[in-house]
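Welcome! Here are two exercises to work through with the model in view.

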Amino acid sequence: MSTLSPLQEKRYHRNTQLPGVGDEGQLKLLQSSVLVVGAGGLGSPAAYYLAAAGIGRLGIADGDVVELSNLQRQILHFTADIGRPKVMSAADKLVALNPDCHVVTHHCAVTAENAADMVSQYDLVIDATDNFPSRFVLNKACLVTNKPFIHAAVLSMAGRVMTILPNQGPCLRCVFREPPAPSAKTTFELGVLGATPGLAACIQASEAIKYLLGLGDLLVNRLLIFDALAMSFEVVEVLRDTDCPDCGSGAQI
Amino acid sequence: MHIELRVYTGLEKYVGVRHGEMTTVAIDGTLTIADLLHRFDIPPAEVTSALVNGRHKELDYRLQDKDRVSLFPPVGGG
């Protein structure tokens, strides 16, 4: 594929008009691949925007099935999808949105055993998981395979986003060393406004496309943290830690 | 001796500040991050990460003059 088809010229017109994109940038997106791990509150909007933008190959990894309580925020899934694997429900919507996007489904949890192999098949990884153990596994797998890893997490009406480029800035464990205590409250107890993961995931999708096209300034060495109740967005400086167990000088990579 | 403190995502109520708002804390003698939490009655389980000047520090870290401290509670949903 060396040029956009007439239909693609139309479909991606608002992309190609952007500074620094053009037909060349769009072709680059169509030849790019992104793995979205988690097809829930973060993964739904992130995958929608990446598919719509024309990412050529989009991997969706999730071992769960759609539940009724997912539907107030996990916008890839419809009422009729209850009981179906989330990856199948996601693939249906994303392909219907953009047939240019080849969706690869991974109907499994991400584990220390399968993460590096899965991650190595893509140009970039989106953290759309809902737990720290999975995030730490992905963080390590992305360090090992030298893949950009775009982290986000949300709770209630708050969230944060951080882009990890291996060896160019802090990794997730430089900043968040240990999982929260088991007593820490989750979205099950504290709730989450559907638009909150939407906010974080839109930032993740923006970061992914910027990285793939080499545009702008990424959230590297910077943690974006927001509170939608106060509607306050803050950027906190974050630096690499030489004592980090995953990317520090003593880490086993 | 003074440090700059910023807290996020629910910890504001302990310190009496807005999300990310900087507050200056005066320190006499030595003060660890754990002592700082105690001073504001912040339960240690509600702090999942403490950064000092952008770098992760353990709760026994002794604060230095002009340190910039950021405290984050557990946020792990998706």
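For what follows, Ala, Val, Leu, Ile, Met, Phe, Trp, Tyr, Cys and Pro count as nonpolar, Asp, Glu, Lys and Arg as charged, and the others, Gly among them, as polar. This is a predicted model, where local features need pLDDT of at least 70 and side-chain atom pairs count only at pLDDT 80 or more, while totals for chains, interfaces and linings use all residues. Residues are numbered from 1 along each chain as its sequence is written, chains are lettered from A in the order in which they are written, and side-chain values use heavy atoms, without hydrogens and water.

**Exercise 1.** Find which residues line the largest cavity, and sort them by class.

Step 1. A cavity is a set of points on a 1 Å grid over the protein atoms alone where a 1.4 Å probe fits but cannot get out; lining residues have an atom within 4 Å of a point.

Step 2. Searching the whole structure gives 1 cavity of 30 Å³ or more. The largest cavity has a volume of about 40 Å³, counted as the space filled by probe spheres set on the points.

Step 3. Its lining consists of A:Ala158, A:Gly159, A:Arg160, A:Ile225, B:Thr9, B:Phe72, B:Pro73 and B:Val75.

Step 4. By class, the lining has 5 nonpolar, 2 polar and 1 charged residues.

**Exercise 2.** Is helix 4 of chain A mostly covered or mostly uncovered?

Step 1. Buried means under 20% relative accessible area with a 1.4 Å probe, protein chains only. Helices are DSSP runs (H or I, at least four residues), numbered from the N terminus.

Step 2. In helix 4 of chain A, 8 of the 11 residues are buried, which leaves the helix mostly covered. Among them are A:Pro45, A:Ala46 and A:Leu50.

Terms used:
Buried < 20%, exposed > 50% of the residue type's maximum accessible area, 1.4 Å probe, protein only. Helix = DSSP H or I, 4+ residues; strand = E, 2+ residues; numbered from the N terminus. 1 Å grid on protein atoms, 1.4 Å probe; cavity = no way out; pocket = protein on both sides within 12 Å on 5 of 7 lines; lining within 4 Å.
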